[in-house]
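Colleague: I would like to learn how to read a few local features. Please take contacts, charges and pockets in turn.

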Amino acid sequence: VKMPEPTEAENEALDRFGKMLIEALDGVLATQAAELTHFQTQEPALERRIPVVRLVRQLSSEQQELLGKYLQDYLVGFLGRILFSIDGGGSAVNPTILVDGVDIKDVSQRGWGGLHYEIWGEDGWLAKYSQRIDPEILK
């Protein structure tokens, strides 16, 4: 039995969820970049990262760029794993995620085959919404 294609409203709800995730990912990357360029210790929680930031600042600019790309790739992979788990990939937990009353997990499974596929490709969430992910990582 073929499942019905997602409606425009369902796809819009799915995209709003994706945009929120990618904006959060970009926020993490922006914070990381800011910490490396002008580290401020106004927040007590950041104090624990001072030694790491000092070590990274000792790296050459090429090494820092490579580390930044590695961190981007790592975070994108982590996001993919989370989405795969939400899709039920080997997990006993089966969450439902509603955006404006729309079960986006169901919408994605009817469209692309699961949330973890939504981040990839020219039309994926990373390509559409990220301002910080290096395009080389998306290939």
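Modeller: Start with contact: heavy atoms within 4.5 Å. This is a predicted model, where local features need pLDDT of at least 70, side-chain atom pairs count only at pLDDT 80 or more, and totals for chains, interfaces and linings use all residues. Residues are numbered from 1 along each chain as its sequence is written, and side-chain values use heavy atoms, with hydrogens and water left out.

Colleague: Which residues does Glu-118 touch, not counting residues up to four places away in sequence?

Modeller: Leu-14, Ser-108, Trp-112, Gly-124 and Trp-125. Glu-118 sits in the loop between helix H4 (104-111) and helix H5 (125-129). Helices are DSSP runs of H or I, at least four residues; strands are E runs of at least two, and both are numbered from the N terminus.

Colleague: Which side chain of opposite charge is nearest to Glu-118?

Modeller: A salt bridge puts a side-chain nitrogen of Lys or Arg within 4 Å of a carboxyl oxygen of Asp or Glu. Buried means under 20% relative accessible area, exposed over 50%, partly exposed in between (1.4 Å probe, protein chains only). Glu-118 is buried without a salt bridge; Lys-128 is the nearest opposite charge, at 6.8 Å.

Colleague: Is Asp-100 buried or exposed?

Modeller: Exposed, with a relative accessible area of 63%. Asp-100 belongs to the loop between strand E1 (98-99) and strand E2 (102-103).

Colleague: And how is empty space found?

Modeller: A probe the size of a water molecule is rolled over the atoms, showing where empty space is left.

Colleague: Which helix gives the most to the lining of the largest pocket?

Modeller: H1, with six residues.

Definitions and conventions: Lys, Arg positive; Asp, Glu negative; His and termini not counted.
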